[in-house]
Amino acid sequence: MTALMALLGVVVFVVGLLFSIAWHELGHLSWAKLFGIRVPQYMVGFGPTIWSRRKGDTEYGIKAIPLGGYIRMIGMFPPGADGRITARSTSPWRSMIEDAREASYEELKPGDETRLFYTRAPWKRVIVMFAGPFMNLILAFGLYLAVLMGFGQPAALPTIQSVQKCVVQAGQPTDSCAKDAPATPAALAGLRAGDTIVSFDGDRISSYDQLQQDIRKAPGRTVEIVVDRKGEQLTFHTELVTNKVSALDGRGNYIPGKTVDAGFLGIQPQTGVVQLGFGQSLDKMGDMGVTGVKSLLALPSKIPGLWDATFNGAPRAADSPVGVVGAARVGGEILNLDIPASQQVAIFVQLVAGFNLSLFLFNMLPLLPLDGGHIAGALWESLRRKAARVFRRPDPGPFDVAKLMPVAYVVAGVFVCFTLLVLLADVINPVKIS
């Protein structure tokens with residue numbers, strides 16, 4: 001049953017992956033057709049075609065390798081000096097440029113002269129290229145909203161799981177006390193496991209994060225604590241002590257290895273599933289977006305750790321980059337977690353949402369062959385033409401993005417190498433969830 005559930009989890013994730021890719025390419029396709037650009041192909045996947053059907057000008061299909069997708073638009077690059085394809089030379093860089101240019105014209109038909117991608121205004125080309133990543137952003141937003149507001153997410157509650165007997169500093173065991181260790185304020189006050197704190201020092205408590213901040217701000221003070229104990233409200237008074245506790249960042253997350261002196265009560269909270277409001281969900285998604293950008297910028301620094309985890313047997317870091325194979329394995333593990341089915345679904349949805357957010361951020365990098373590279377080219381062309389008008393110079397014409405193809409090949413090569421390293425790491429030393 002375990003293997004069957006793992007396989008089912010992989011299949012569910014792959015379906016979500018294919019939908020995300022198809023959704024991305026649909027954004028490109030819709031706006032390209034709206035602006036009159038001919039699109040010969042709309043494909044989900046790479047490699048051999050396993051199914052296709054032609055409708056109008058476009059062949060729609062599914063390919064064998066579900067690791068991406070594409071639409072093919074004619075006239076992606078402007079013609080060369082000869083009006084179409086520049087004469088060949090022995091330079092390998094020139095060959096790369098002209099191969100790309102030739103491919104963008106190979107399906108040209110009579111009447112297509114007015115349906116070429118490069119002939120559209122720069123702002124239209126920006127919309128066509130941005131539409132794909134934007135579709136992923138929309139999908140990520142909707143899925144995250146469904147998880148946070150619908151399913152909820154695990155969070156600490158202002159209900160006491162346990163009361164620590166003695167004061168210990170952060171990082172030290174809490175299950176044993178030294179002879180001279182003082183009792184915690186919670187133990188001295190008579191708080192018990194199962195008590196829900198409804199008021200702290202006159203402040204009405206709605207979340208554990210709020211309670212934690214109030215406790216930390218009150219070292220050395222005698223505070224009033226109102227709890228709900230089996231339906232009865234009880235009031236306690238105790239003096240908080242100053243203790244070394246784990247430091248928090250601006251989003252309330254613990255900073256590993258860093259401590260601060262703050263107020264200390266001596267309780268461990270229960271964990272439950274909490275549904276967030278719309279505003280709270282937006283704040284949470286904003287934090288996710290910031291974290292996603294930081295993670296993307298930190299990718300180069302993760303390479304040594306990936307290499308060691310793959311070839312030197314080092315532990316795989318929890319924040320290590322994960323590829324499609326690794327994410328699929330995580331999908332397989334989800335259905336074997338000992339948690340309610342609703343939370344299994346929530347984790348699946350959040351996994352697909354995270355994949356879509358990553359697709360958006362990654363594709364917005366201003367590098368060819370990514371969508372962001374074409375967007376940067378169109379914006380540069382617009383800037384050049386506007387500058388020419390301001391200074392009353394001749395129109396410089398379309399910016400020849402094809403000349404950047406050697407750079408695109410280098411970027412693609414780096415991406416391929418990184419993808420292979422992540423793939424090997426996902427197979428040899430995968431990230432696991434608990």
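Me: Is Thr58 buried or exposed in this model?
Reply: In this predicted model, Thr58 lies in strand β2, which spans residues 58–72. Buried means under 20% relative accessible area, and because the relative accessibility of Thr58 is 0%, Thr58 counts as buried.

Me: Which residue has a side chain joined to that of Thr58 by a polar contact?
Reply: Leaving aside residues up to four places away in sequence, Thr58 touches Leu29, Lys33, Val39, Pro40, Gln41, Tyr42 and Arg53. A polar contact of 2.9 Å joins the side chain of Thr58 to that of Lys33.

Me: Is Gln344 buried or exposed?
Reply: Gln344 has its place in helix α9, residues 341–363, and, not counting residues up to four places away in sequence, Gln344 touches Ile334, Leu335, Asn336, Leu337 and Ile339. With a relative accessibility of 11%, Gln344 counts as buried.

Me: How many residues apart in sequence are the parts that the pair of Phe13 and Phe355 ties together?
Reply: The structure holds ten aromatic pairs. Among them, Phe13 and Phe355 form an edge-to-face pair, 6.5 Å centre to centre with 80° between the planes, and both Phe13 and Phe355 are buried. Because Phe13 lies in helix α1 (residues 2–34) and Phe355 in helix α9, the pair ties together parts whose separation in sequence is 342 residues.

Me: What separates Trp307 and Phe311 along helix α7?
Reply: Trp307 and Phe311 form a tilted aromatic pair, 4.4 Å centre to centre with 50° between the planes. Trp307 is partly exposed at 47% relative accessible area, and Phe311 is partly exposed at 42%. Because these two residues are four residues apart in helix α7 (residues 299–311), Trp307 and Phe311 are separated by about one helical turn.

Conventions. Residues numbered from 1 in each chain as written. Predicted model: local features only at pLDDT ≥ 70, side-chain atom pairs only at ≥ 80, totals over all residues. Heavy atoms only, no water. Buried < 20%, exposed > 50% of the residue type's maximum accessible area, 1.4 Å probe, protein only. Contact = heavy atoms within 4.5 Å. Polar contact = N/O pair within 3.5 Å; in protein donor to acceptor, adjacent residues only side chain to side chain. Phe/Tyr/Trp six-rings, centres within 6.5 Å; stacked < 30°, edge-to-face > 60°.
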